[in-house]
Amino acid sequence: MVRKAPIAAPITGSINGTPEQEAYLEKIVKQFTITPNYLEKICTHFMSEMEKGLNKEGQTLAMIPSFVEGRLTGQEKGHFLALDLGGTNLRVVLVTLEGDGKYKTKSSKARVTTELKTGPMRNLCDYIADCVDEFLTEEGLSNSDSTLFLGYTFSFPVLQSRINRGILKSWTKGFNCSGAVGKDPVMLLQDALLRKNVPIKVAALVNDAVGTLLSNAYQKPNTSIGLILGTGSNGGYIEQIKNIGKWKTEGSPTSHEMIINMEFGAFDNERVILPVTQYDNKVDRQSINPHGQIFEKMISGMYLGEITRNVLLDMIDRELLFGPHDGRYDSKSWSKELSGHYAFETSHMSTIESDGTPELTRTKEALDLNLNLRGISTPESKIIKRVCEVVGTRAAYLAGAAIAGIVRHCEISPEEGTDVGIDGSLYEFYPSFEERIYEALAILLPNHKNVRKTVRLGLAKDGSGVGAALTACVAAHMEERKKSALG
């Protein structure tokens, strides 16, 4: 699939700010710019944390075994359901696998309100069961004689014990339902489906990054890495089972390989290596999960706009932005809209970064329309654009450091190469995000002379839906084999 993200337009000419504005901006640029040497240090630390997580429980990089063993061929067939929970929306997807890497999907989407995200878990599960039931009725499958297998993309840290069993470790991404942490999300959902007589078996618990890897692999069997770069962020990759020192299980594995769910949003929660600024600290402090998921808070779509807003507010407080003219204050300096948490959305950054008009007309229009900031001058617009650039570029470089760390850990040679499936609105729509990741990869993988051809990034659109269905397919085959073995 061809990506549609525009190319970021550089600022033309000088900013023409005051000496104080220029000095402050220079300081901001320095704080958010990651040098090649520092990028290498981050990547090296990421690899050492991977090793720790593979060999011992309770590490910052959780490195959770997914129980999804082996690789896909692209020839799998059948009807499977997927349920995707992990952001602002809940999706139910019917996936028909046709073989030869081809599939068809039908889906429905429902909004998950803040009330549901932060209320009792039973309410959320009942809502999900109602959505699934309604979807099956619409598709004429509610009276099906056979039970449909469902893959549940549950995009939160789960300690998995089987392909469809696990314990929720903690909530992320603005969710904080009571009565869920320490319990099995599959059982909680299955109970709700049984209460409402919905003919579904929750056959697989799928993390979004694992599902994205699988959906990419169905079409590109050389895929070994899957990433989420959207509202939240995470990574998964195919690991040699012999390298998973902490993995203990009954019986023999069905393959020498298994997908690892990294949960890399928590990387460097100890603040050992990441270049955390005061603006990041403010986002973290005011978040629903302070001191957690610090890497995610530096690279995810949910937070980039808020980091940018914090920089702009600091400039306003210092009278370096929308400051007084001829002793009169500008009403923009006490903008209620800009003062609201998460009011400066990452989508605004995308609009601003792609604006190549000489006077930044589209930037001014976006700020007027979305934040009621009228009559912004061109120098002020350029300052705001520059802040967006450095925040957005830092995020892409950090994402690149994670990808390079996985490639180096797995010792993927330029001759072998790999496909990398990436799902998420940040990667899909943010201007030049992919190009900036490649800049980081070129620095960190010098032996890959043409890194675009050897580490092939690609959009795995709807990966969490199709990937979950593929995992349900794997689970169904595993169940059939167990029944056959029992005779």
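Predicted model: local features only at pLDDT ≥ 70, side-chain atom pairs only at ≥ 80, totals over all residues.
Visitor: Is Lys 173 buried or exposed?
Guide: Phi of Lys 173 is near 60°, a positive value in a residue other than glycine. The relative accessible area of Lys 173 is 8%. Buried means under 20%, so with 8% Lys 173 is buried.

Visitor: What is the phi of Asp 268?
Guide: Asp 268 lies in the loop between strand 11 (257-261) and helix 7 (278-285). Asp 268 is buried, with a relative accessible area of 1%. Although Asp 268 is not a glycine, its phi is positive, at about 60°.

Visitor: Which residues that line the largest pocket are the closest to its centre?
Guide: The largest pocket has a volume of about 1,500 Å³. Of its 46 lining residues, the closest to the centre are Gly 87, Thr 88, Gly 230, Thr 231 and Ser 425.

Visitor: Where does the largest share of the lining of the largest pocket come from?
Guide: Several elements each supply at least two residues of this lining, among them strand 2 (77-85), strand 3 (89-99), helix 9 (301-317) and helix 14 (425-429). The largest share is five residues, and it comes from helix 9.

Visitor: How many charged residues has the lining of the largest pocket?
Guide: The lining of the largest pocket is made up of 46 residues. By class, eleven are nonpolar and 22 polar, and the number of charged residues is 13.

Conventions: Residues numbered from 1 in each chain as written. Heavy atoms only, no water. 1 Å grid on protein atoms, 1.4 Å probe; cavity = no way out; pocket = protein on both sides within 12 Å on 5 of 7 lines; lining within 4 Å. Points joined across faces, edges and corners; volume = space filled by probe spheres on them. Helix = DSSP H or I, 4+ residues; strand = E, 2+ residues; numbered from the N terminus. Nonpolar A, V, L, I, M, F, W, Y, C, P; charged D, E, K, R; others polar. Buried < 20%, exposed > 50% of the residue type's maximum accessible area, 1.4 Å probe, protein only.
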